[in-house]
Amino acid sequence: MPASDELAERVAALRAEVSEHDRRYHAEDAPTISDAEYDELVRELRRYEEEFPELATPDSPTQQVGAGPSALFTPVRHRQPMMSLDNAFAEPELLAWGERLERRLGAGPDDDPVDYACELKIDGVAISLLYEDGALTQAATRGDGRVGEDVTANVRTIDAVPAVLPAGAPQVLEVRGEVFMGRAAFDALNERQAAAGERLFVNPRNSAAGSLRQKDAAVTSGRELAMWCYQLGEVQGGPRFTRHRETLDFLDELGLPVNPEVAVVPTLAEVHAYCRRWEQHRHDLDYEIDGVVVKVDDLGRRNELGFTSRAPRWAIAYKFPPEERTTKLLGIQVSIGRTGKATPFAQLEPVFVGGANVSQATLHNQDQVRVKDVRPGDTVIVRRAGDVIPEVVGPVVAERPEGLEPWEFPTTCPCPRGSTLVRPEGESDTRCVDLQCPFQLHGSIEHFASRGGLDIEGFGEQRVRLFLDLGLVHDIGDIFSIDWERVRALEGFGETSVANLQAAVEAARSRPLPDLLVGLNIRHLGPAGAQALARAFGHLDRIMAASVEEMAEAEGVGPVIAQAVHEWFADEGHRAVIEKLRAAGVNFTGPERSELPQVLAGASVVVTGTLEGYSREDAEEAIKARGGKSPGSVSKKTTAVVVGEGPGASKVTKAEELGVPLLDEAAFEHLLATGELPG
């Protein structure tokens, strides 16, 4: 039974939402939902894609790792991909993973035990260290798994990371690990922040991520970061290993930091016992953990198991459940976001939960408040999953005082204009429909200037609020015509700070079209959709003139995004803003359409392994430039699989099972030239 239109729209909206959260978490170190909420979104999306394969797309966040690197740092292409891990959230899921694994290996009761290496899952930032001839030459973040950020100068300031390895180290040694901030270091950092009158940091994970990605390594140096190593990457000239535990012992001998709590156990029951023990004792450590990583110890068996498109089959992350506490619900208020979304939030009697003092928590939307039936005056359960946004799970009904009335969602915006709040038919969110709502204006301008938009450094929350209050800007179109003489007259704005801000604004005029599209704050339109529109149409005017159907035909866009974009540009107020941007000389031009013959139109070509004449990205781009698609997995719809050196065994096996042609590099070049498969 095919998926309904409503379900297809839900999947498209989920992709956009998850992609946005990926960007906020990985690229900005500023998540807006909890780990638990994010995991629920991803699991819902993956469930729909598995049940209805026709809804799955190669650019879905379920097929991706992390997010692309920031423009603040030099990009680094990983020699081997830094993949993500699949998750288990309860014992049955962990046992099911282990049983699938043992079936794949054909392991019976009379065979050698599989042996599982159990490691604490450090709540930090994934990092790759590259040593050449014993010297640290490069350190890079995970990024999107293929390309990360060069943070070598910052990593050199971490005491736990040796700059030089002892004699006998391999000629080339890549080490994967996690950079983190210990609890004592985090507490000391916040004490310094408080003494200086600066804002406090929320949790060690975000503090570590922000510290690692500083432009000034001296700032990183003062943050007391640490690291645990957990995996070998590329090795040239070193000893050969048969077990994962041997690799960790080798890293330890070289002076690299290896967590002492690693254990190798022979059964899944012992794996789960390890997980339970550390779930109970997680706060005994001086660093944050959010689960346990379980890996097959035998490296030969790992090779047999291989990888999916985004994760190894031989490893899984067992996630600890988020922590919960009870407290008093003092009141419910509504905040207005940059798209006009009205989000109810709980005002709480402060409670320490998930490693932080919590006095506010999200209630998501009107339906969630109604379904949970939380009322001011209730004792409520608060959950925090180790990040910045706690949530109210529900009331403790047995402790409810008599006479508490259900909370009613307001009908007017809390802004001074008192605009009407409207819930569109078929949607779960209530929105402020006044485009001049101060809350929306503030949020949209801040988003436009953020890293995900036109990346105007120095144009943050406080300055946006100040410039709006003073009438220096009224919308994003005014940013490029600010009266800088008025700014210079303001208290706290010296000549250098004004010059820097003015230069950042000038630089934003030439940002790529996809950045502008993201910055326009269009619902459902994230970086992937913006890239797709820019590639398909090449100019903002052509996007504005396109019909919903024409936009939906662009690969990676679809009807939900197309409808949202079309409606945004149909608004006269938005078009007036666009004309301001045009007059300011903002770049409206994007990647030009390919002039190559579209010989692969309608074709789906998968690339696996290493080709001599093409990088993986170059090969995929060559396919797309000729009208084809290059997904990350093989299916019945696959036209051909290009096989290079060291291909993914699962892709080749799948192609053989489905009868999909396998092409070497010469046949691939013939396909690019003619669109024809070998006879």
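The backbone nitrogen of Arg301 lies 3.0 Å from a polar atom of the side chain of Asp298. In this predicted model, the side chain of Asp298 also has a polar atom 2.8 Å from the backbone nitrogen of Gly300. Asp298 itself sits in the loop that runs between strand 10 (289-296) and helix 10 (299-305). With a relative accessible area of 19%, Asp298 falls under the 20% limit and is therefore classed as buried. Once neighbours within four places in sequence are set aside, the residues in contact with Asp298 are Thr242 and Arg243.

Another loop residue, Thr339, is placed between strand 12 (323-336) and strand 13 (341-353). Its relative accessible area is 26%, so Thr339 counts as partly exposed. The side chain of Thr339 makes a polar contact, at 3.1 Å, with the side chain of Arg431. Leaving aside neighbours within four places in sequence, Thr339 is in contact with Arg431, Gln440, Asn521 and Arg523. The C-alpha atoms of Thr339 and Asn521 are 7.0 Å apart in space, although 182 residues separate the two in sequence.

Asn521 can be followed from there. It is found in the loop between helix 16 (513-519) and helix 17 (527-537). The phi angle of Asn521 is positive, about 70°, although the residue is not a glycine. Asn521 is buried, with a relative accessible area of 9%. A positive phi in a residue other than glycine also occurs at Glu224, where the value is near 55°. Glu224 belongs to the loop between helix 7 (217-221) and strand 8 (225-236). At 45% relative accessibility, Glu224 counts as partly exposed.

Arg431, the polar partner of Thr339, is also touched by Val422. Val422 has its place in strand 17 (residues 421-422) and is partly exposed, with a relative accessible area of 33%. Not counting residues up to four places away in sequence, Val422 touches Asp429, Thr430, Arg431 and Val433. Val422 and Thr412 are ten residues apart in sequence, with a C-alpha to C-alpha distance of 8.7 Å.

The next topic is the nonpolar interior. In soluble globular proteins, nonpolar side chains tend to be buried together. The largest nonpolar core here has 56 residues, of which Phe459, Phe480, Leu516, Leu517, Leu520, Phe569 and Leu581 touch the most other members. Helix 20 (residues 558-570) gives the most to this core, contributing six residues. Apart from this core lies another, of 33 residues, including Val151, Leu165, Val179 and Leu248. Phe459, one of the members of the largest core that touch the most others, is in contact with Ile445, Ala449, Val464, Phe467, Ile479, Ile482 and Leu501, leaving aside its neighbours within four places in sequence.

The axes of helix 12 (residues 438-449) and helix 13 (residues 461-469) come within 10 Å and cross at roughly 130°. That angle makes helix 12 oblique to helix 13. The crossing of the two helices is right-handed.

Helix 20 packs with helix 21 (residues 572-583) at an angle of about 80°, the axes being 5 Å apart. This makes helix 20 roughly perpendicular to helix 21. Trp568, Phe569 and Ala570 of helix 20 make the contact with Glu572, His574, Arg575 and Ile578 of helix 21.

Helix 3 passes helix 9 in a right-handed crossing. The residues making the contact are Glu91, Leu94, Leu95, Gly98, Glu99 and Glu102 on helix 3, and Leu268, Val271, His272 and Cys275 on helix 9.

Methods. Residues numbered from 1 in each chain as written. Heavy atoms only, no water. Helix = DSSP H or I, 4+ residues; strand = E, 2+ residues; numbered from the N terminus. Buried < 20%, exposed > 50% of the residue type's maximum accessible area, 1.4 Å probe, protein only. Contact = heavy atoms within 4.5 Å. Polar contact = N/O pair within 3.5 Å; in protein donor to acceptor, adjacent residues only side chain to side chain. Core = buried A, V, L, I, M, F, W, Y, C linked by side-chain atoms within 4.5 Å. Axes fitted to C-alpha atoms, helices over the stretch in contact; angles between N-to-C directions. Parallel < 35°, antiparallel > 145°, perpendicular 65-115°, else oblique. Left-handed = near helix turned anticlockwise from the far one by under 90°.
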